[in-house]
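Let's take a walk through a protein model together.

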Amino acid sequence: MRKLALYLLLVAVVLSSCSSDDNSSEDNQLIIPPTYQFTRNGNSTVNYIDQTNGILMANQFITALVNVNRTEMELQGMYNNTGNYFSTSALNESPINLRGKTAASQDYFSNNASVSSAIRSDVDGWITNQVVEVFPNWAITATSGTAGKLTEADNITIRRVSAKGVQYAQLMGKVIVGSFMIDQILNDNLSVAVLDAGNNRANNDNEVLVDGSNYTAMEHKWDEAFGYAYGLDNAQSPQLNQDFFLNKYISRVENDSDFAGIADDIYSAFKIGRAAIVAKDYDLRDEQADIIKEKLSVIIGIRSVFYLRQGVFQLETDKARAFHELSEAYGFIYALQFTRQPGTISPYFTKAEIDAYLAQLMIGNGFWDVTDETLNQIATAIANRFNFSVEEAEFAPQ
């Protein structure tokens with residue numbers, strides 16, 4: 001796949017200028033621009049404003065979770081986008097909401113409403129627990145079985161944890177990466193069932209545009225997937241580490257020398273796949289979608305292992321730091337059920353497998369009682385499934 005990408009990029013140097021004009025594809029010529037820019041009649045065909053708003057909502061929601069003055073009604077209002085609790089009218093009036101896009105993909109949940117409902121109920125429960133368990137104990141010291149605050153070994157950084165040592169905001173941030181962004185990208189927007197829904201393929205072949213827009217429905221679905229990964233950035237010159245979510249963790253994994261190049265693989269696949277849609281080359285489109293599915297899935301696996309191993313390193317000497325890392329591990333492990341094995345309609349880990357791992361982490365008093373043996377066993381199982389080593393993942397940047 002990488003050889004194909006390099007070849008296509010070489011073709012792009014010959015065939016393209018600084019942007020791709022969709023009207024130049026009358027003879028289905030593949031034109032790959034240097035950045036994610038696509039135009040028709042001189043105007044951009046790229047639009048992912050709803051995804052940008054979704055990321056902004058998620059940012060504000062996670063920030064509100066650590067504001068002791070927030071009520072459960074307000075936090076639920078942000079999760080559901082009701083009650084005007086966001087900072088701008090654009091967000092409060094947006095048609096998107098976090099709950100509505102949680103575990104809502106076509107491929108995984110259109111015929112699995114009970115599982116989708118259970119996942120959303122998990123988030124509801126964590127919101128409630130933060131308000132009724134952690135907020136009331138904001139000022140007291142946490143102990144095994146009692147929520148409260150813990151201070152890291154630096155004597156500066158304070159972590160507020162549940163009775164089982166969980167930082168709910170950290171956990172939920174990573175669950176949002178999986179249940180919202182990864183699920184929508186891999187199992188909805190890049191799904192063949194969604195890209196080719198209804199008359200999408202015929203309309204794309206004939207450049208029939210969505211009413212009032214400058215893009216076809218297929219183009220727009222692909223752009224929405226792109227937006228979940230890069231929506232807070234300028235697509236003309238994309239940067240990483242721009243939000244608290246998927247974009248951040250693409251950056252983290254890219255900065256690990258063992259996985260260097262993965263960010264370019266993902267970005268190039270998005271560009272080539274979009275160019276393939278313009279050229280009506282649907283086999284190439286689907287090949288690029290599979291690259292994205294594989295690479296984004298492995299990022300979730302890498303970060304799961306990284307945080308589990310960070311927990312091992314810190315558990316005996318700095319419980320506050322260890323619980324912080326393990327809360328992130330919990331969220332990333334939860335996110336594994338939304339990954340996608342390329343060429344299949346299956347995640348790398350089933351929900352049953354994930355539930356079993358999470359139950360192991362929460363035995364007794366949770367992180368207070370968890371052992372290095374348990375953490376290492378789970379880390380090894382995840383690394384083996386993705387065919388990287390625990391050692392490769394464990395020293396990735398924070």
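Start at N81, which is buried, with a relative accessible area of 13%; buried means under 20% relative accessible area, exposed over 50%, and partly exposed in between, using a 1.4 Å probe and protein chains only. You will find N81 in the loop between α3 (72–80) and α4 (89–92). Helices here are DSSP runs of H or I with at least four residues, strands are runs of E with at least two, and both are numbered from the N terminus. N81 is not a glycine, yet its phi is positive, at about 55°.

Before going on, note that this is a predicted model, where local features need pLDDT of at least 70 and side-chain atom pairs count only at pLDDT 80 or more, while totals for chains, interfaces and linings use all residues. Residues are numbered from 1 along each chain as its sequence is written, and side-chain values use heavy atoms, with hydrogens and water left out.

A103 also has a positive phi, about 45°, although it is not a glycine. This residue sits in the loop between α5 (98–101) and α6 (106–109), and A103 is buried, with a relative accessible area of 1%. What does S116 touch, not counting residues up to four places away in sequence? Its partners are T102, A103 and F109, where contact means heavy atoms within 4.5 Å. S116 belongs to helix α7 (residues 113–134) and counts as buried at 7% relative accessibility.

Now look at a pair of helices. The axes of α8 (residues 168–189) and α15 (residues 319–335) come within 7 Å and cross at roughly 25°. The axes are lines fitted to C-alpha atoms, for helices over the stretch in contact, and angles run from 0 to 180 degrees between N-to-C directions. Among the residues that meet are Q170 and K174 in α8 and H324 and E328 in α15.

Finally, the largest nonpolar core has 121 residues. Such a core is a set of buried Ala, Val, Leu, Ile, Met, Phe, Trp, Tyr and Cys residues joined through side-chain atoms within 4.5 Å. Helix α14 (residues 282–314) gives the most to this core, with 15 residues. I333 is one of the residues with the most contacts inside the core, and I333 touches residues including S304, L308 and L361.
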